[in-house]
Amino acid sequence: MTVGQSMLAGAAFLAIGLTSALAQQVTGTPGAPGATTTITGKQLPSPDPPFGGVIKEKASESKPWWAPRVVPPTGAPNVLLIMTDDQGFGAPSTFGGVIPTPAMDRIAKEGLRFTNFHSTSLCSPSRAALITGRNHHSVGYGVVGEIATGYPGYNSIIPIEKGTIGTILKENGYATSWFGKNHNTPSYQSSQAGPFNQWPTGMGFDYFYGFVGGDASQWQPNLFRNTTAIYPFEGNPGWNLETAMADEAIGYIKQLKEIAPDKPWLVYYVPGATHAPHHPTPEWIKKVSDMHLFDEGWNKVREKIFENQKRLGIMPQNAKLTPWPDELPQWDSLSLEEKKLFIRQADIYGAYLAYADNEIGRVIQAVEDLGELDNTLIIYIGGDNGASAEGMLDGTPNEFTTFNGVPVPVNDQLLWYPFWGSERTFPHYAAGWAWAMDAPFKWVKQVPSHFGGTAQGMVMSWPGHIDDEGGIRRQFHHFIDIVPTILEAAGIPQPEMINGIKQEPIEGVSMAYTWNKASAAAPTSHKTQYFEMLGNRAIYHDGWVAATTPATLPWELSTKTPPDVITGYNWELYNVDEDPTQFDDLAAKMPDKLKAMQDLFYAEAKKYNVLPLDNSTLARWNTPRPSLTAGRTEFAYSGELSGIPASAAPSTLNRSYTITAEVQIPEGGAEGMIVTHGGRFGGYGLFLSKGDFGVGRGKVVFLYNFLDLKRTMWEGQELEPGKHTIVFDFKSDGKGLGSGGTGVLSVDGKEVARNTLEHGIPVTFPEDETFDVGLDTRTGVALLEYRYDAPFRFTGQIDELRFDLRPETNTTP
């Protein structure tokens, strides 16, 4: 039999298996309580079957009948779908990296490594594609949800006519769960007021344990169980989400095994690692630092990764290492202080990846210990996009300095050197490390035109079904191919209807044809794939890629006017079948081929909601969106209220405002937080001081924390028992983004403090912090002076808290 005949036979076998799986499978006696059935899966939920018993006037003359319980087809596997965050192709040892990832290595050894597998180049778009099997613009995620705009391809809402893998498997009898990062709930729907249809539990996942948004502290995350905020880290020193999440997933799988041993499950396991903040435990920091993996610097590390990739067969021998960019410094040009800091940054990152892989390994081992490994399809994806350069050129102890366009000098960063990776930091490494971790490719996260932004190492195993253990696959594939692969493995079709809504076709293709050893070199079934992010774009077709040259640098949050989104970009052309690293640009030699590829891109763009193209970045942060606060300038609260995301809170950024608190102080005085937004890494708080040993307790304080770089305070007197009115009035200087101004703190109509704020936070408070009234969840805004421990509940009474917001100053970049 030829290779081609073998491939056709394999495809026919898979088709026969799927056809037989679609035939109804009934177990037990129909109508009996223990009967089960599969469903056609065309309409979800499946309509209730007609009553099959007999009903007469008396029960003694009637016959009961129970609808059979819906189960998946025989042989449908458990699915453990794992994905890390912001992990470059060349970071893990599995794909040539210097950072040990034995759990990923294990799955590669037991199954396959895919070396030509691609993301969208940015977090929530990749995740939307992964759980729907559709292109990211098709499901509203042309960009991350934080900068959503009012177009179908960019509104951060997954359409109901494009159901998720969670919904499909759940309605076919699977138990479905989601652990870790949820970056697919629109920011303007993330409050306790809902709606919750775009939360994991509304998208087909029975159980959710994780955080909402782009990132979160691993020490004090904005953590949810289903839709309820939880705080397991309070009073629990050393608690870390990476370990807690593995414990939770292991407990969930064990519980299912004991309660419903025959019920297959989908566990979507997506830790925050290795997105900033890089938060490994001290034990892992020491373990990886002692390895001295990064002491030679990013240029040498990158070269070593490439050597490893060729040795392992990850890259073919004819592949070329793409050149180091002029815009990033060579390691040898750095000062001793810079090298010291940057090695520390990389050690912490390496520890974070190794720690996360270790916890993933615990989950995999638990599956084996429960006897379920042979019946589990494991898909482990190294990152939802390329390595992140969002730490800017020098890195940062606080990622939110980047998002607010504030670089932190190296000498200042060294103040955090001993604490890097601890709860005292929200750190990110320098951009040079991101380029190195994406070896052998060019570019980084945010850049969809080049594989440095989109290439993700992926491994897949399913004992007894993948017969080429340790094999390597080079076929081109994309995140949208995972859903159809899972469905084929389970023998479940794409539904025609979900909740009465006709479903649009899944846009990916199954990868199951690559599982047989005989099909190792089979032509890819994914022939064409567009890429677009922030105006930068590319098109893959039959082994060729046409791509724009990025016009902006991902490590700069620039306020410069971008070039014209259509005419302001140069295009490059690569034969990636022969040149897998996009080294040799053929655009000048093959203009006709380039033109044909460009035309194909625009045809695909029209098909998948990519238009209108938009290359603005910073301006989109401030785009008006539907929210519970849109158009409101007055807010009123009383008592306690906590965990309110920024989208549902009064925004004090770049404007004048007045906060008025009507409070009652009991006999003996009071302390605690009246209102706060943000925390240790940026924000404000109005509170009564805790004091030291009873001294200085109950003083009125307003504290503004500028990104953990500078704290400005307004201080008043201790409050006597009784009713008081506290007012903080801030007048912006009207200078646009990052406006400073003058604040006045008054008590009972009398001014007690006046101070000038040089700069305000221009774009965003920390995303994982919230707006709280009467207490402070997660971290406090104070550092040394007036320091307190969360939750720092107000021990008086808040009768009314009012916000009066004036119009924003001009924030146009």
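**Reading Ser 739 and its chain**

The side chain of Ser 739 has a polar atom 3.2 Å from the backbone nitrogen of Lys 735. This is a predicted model, where local features need pLDDT of at least 70, side-chain atom pairs count only at pLDDT 80 or more, and totals for chains, interfaces and linings use all residues. Residues are numbered from 1 along each chain as its sequence is written, and side-chain values use heavy atoms, leaving out hydrogens and water.

Me: Where does Ser 739 lie relative to strand 30 and strand 31?

Reply: Strands are DSSP runs (E, at least two residues), numbered from the N terminus. Ser 739 sits in the loop between strand 30 (722-732) and strand 31 (741-747).

Me: Is Ser 739 buried or exposed?

Reply: Buried means under 20% relative accessible area, exposed over 50%, partly exposed in between (1.4 Å probe, protein chains only). Ser 739 has 6%, so it is buried.

Me: What share of the residues of the chain count as buried?

Reply: Of 813 residues, 61% count as buried.

Me: What radius of gyration does the chain have?

Reply: The radius is taken over C-alpha atoms, and the globule rule is 2.2 Å times the number of residues to the power 0.38. For 813 residues, a compact globule would have a radius near 28 Å; the chain has 28 Å, which agrees. Its C-alpha trace spans about 90 × 85 × 50 Å along the principal axes.

Terms used:
Helix = DSSP H or I, 4+ residues; strand = E, 2+ residues; numbered from the N terminus. Polar contact = N/O pair within 3.5 Å; in protein donor to acceptor, adjacent residues only side chain to side chain.
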